[in-house]
Each structure stands twice: as C-alpha cells, then as structure tokens.
Amino acid sequence: MNRILIAEDEERIASFLEKGLRGSGFVTTVVSDGLAAYENARTGEFDLLILDIGLPVSDGFTVLRRLRESRIGIAVIILTARDSVVDTVAGLEGGADDYIAKPFAFEELLARVRLRLRSDRLPEVTVLKAGELTLDLRTRRAHAAHRSVDLSTREFALAEVFFRHPDQVLTREQLLSHVWGFDFDPGSNVVDVYVRYLRRKLGHDRIETVRGTGYRLRAQ
C-alpha cells in the first residue's frame, strides 16, 4: 500500500486531501511546515510527497531543493496558486515530478498521484466496468448498449467517480468534493444537473436516486 506525505499548512485543504486519499486506499501523513516535510520525506518511508509552496519555517521550493541536493528521489507533486506560472516553472525545474494549481478537483489530483505511483509490477487499469457499461480512461469515452458515448470533461470526471464505486451510494457532498474541488458550494445543484446529463448518455435507469442521500450507479 502506497504511503503519501502531505505537506500543507492550510487545515481545510490538508483535511480534504487526507480524507480523499485515505478513501482511495492510500496511507497518509500530514505535516504543516517545511522542516517537518523535509525530515519526513528523507526517511524513505513515503512513496510520494504532495508539497505546498507556501509552507512556514521552510517554503516548498527550499524543501524540494534540499531533497534533490540530497539525491532523495521521492516523487513530488507541488501545489501552487492558480495562475502562478513562475511558481510552476520553478517547481518543475527544481525537480518536481508534477504540479497542480489551486483550487483543484480531487479526481484531477488523484489521477496525477496514480500516474506518479504507477508500478511496472501491476497492470494499468484503463477500462472501468459496471455491468455492461464501460468507461475507457484513455479515450475518455463510455460504452453503453453497444454504442460509444462522448463525455465532456465534467461528465467524464463524474462518471469516473461512479464507475470506481459501483453499487455504492455517493452523497451529493462527496460528488461535489471529488469532481468540483475543495471550494465547492454545498448549496449548488450542479451534481443533479450533471447526473441528468449522464443518464441521457448511459441510460436513465443506471444511476439511481437514493432519496435524501445521493446517487448510486447500478452495476447490473
């Protein structure tokens, strides 16, 4: 089981990352300053570091530089401000493996984490199945009733959450958090709107409404 170190000083974001990654099967540890990030990352106990740039004590750039100067090869995904091109370039040139801009949707970050942790020992899962429905992660298309279905970016992200949790009831809050990010509006009806879009494409009876709770993708 992969172990992920989360270096993030904003409690709300750190909690969002920790809950999401643990729910996806990872073991996580959270630290809130750069010194703790460096000391933990150099132990060799972690497979990946999610590194915020604006950490106290020692900023993310310094942590990254010290790790690479010490030839510590842990995979690093940096978190940076939305339009900070300078931060992005500096992070990648400094030895980061990837970056993600704030605010972000959890499914995007999860995809980047899985990419960096991909093991040659395990076959890459590229097609998810729920009964006769399939979702191709490479082409970003679904197949239903012997036909190919094109999906928009948000439709695909929502479909992927359902396909990874077939027959499981997912609350609107869970879906909002996974697809629209940590800064979602809990009063929004955007989930209901996109569920209707998916029903039109995958079949109206495949995504059930669980009254008072959320939705469930029927595997059969």
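Okay, let's start with Ala14: leaving out residues up to four places away in sequence, Ala14 touches Glu8 and Val30, where contact means heavy atoms within 4.5 Å. Quick background: this is a predicted model, where local features need pLDDT of at least 70, side-chain atom pairs count only at pLDDT 80 or more, and totals for chains, interfaces and linings use all residues. Residues are numbered from 1 along each chain as its sequence is written, and side-chain values use heavy atoms, with hydrogens and water left out.

So where does Ala14 sit? In helix H1, residues 11–23; helices here are DSSP runs of H or I with at least four residues, strands are E runs of at least two, and both are numbered from the N terminus. Ala14 is buried, at 6% relative accessible area; buried means under 20%, exposed over 50% and partly exposed in between, with a 1.4 Å probe and protein chains only.

Next, helix H2, residues 34–41. Its buried residues are Gly34, Ala37, Tyr38 and Ala41. They span an arc of only 95 degrees around the axis, so they are on the same side of H2; that arc is taken from the directions from the helix axis to the C-beta atoms. Their cover includes strands E1 (3–7), E2 (27–31) and E3 (48–52), plus helix H3 (60–69).

Last one: the axes of H6 (residues 153–164) and H8 (residues 190–202) come within 10 Å and cross at roughly 80 degrees. Axes are lines fitted to C-alpha atoms, for helices over the stretch in contact, and angles run from 0 to 180 degrees between N-to-C directions. The contact includes Phe162 of H6 and Tyr194 of H8.
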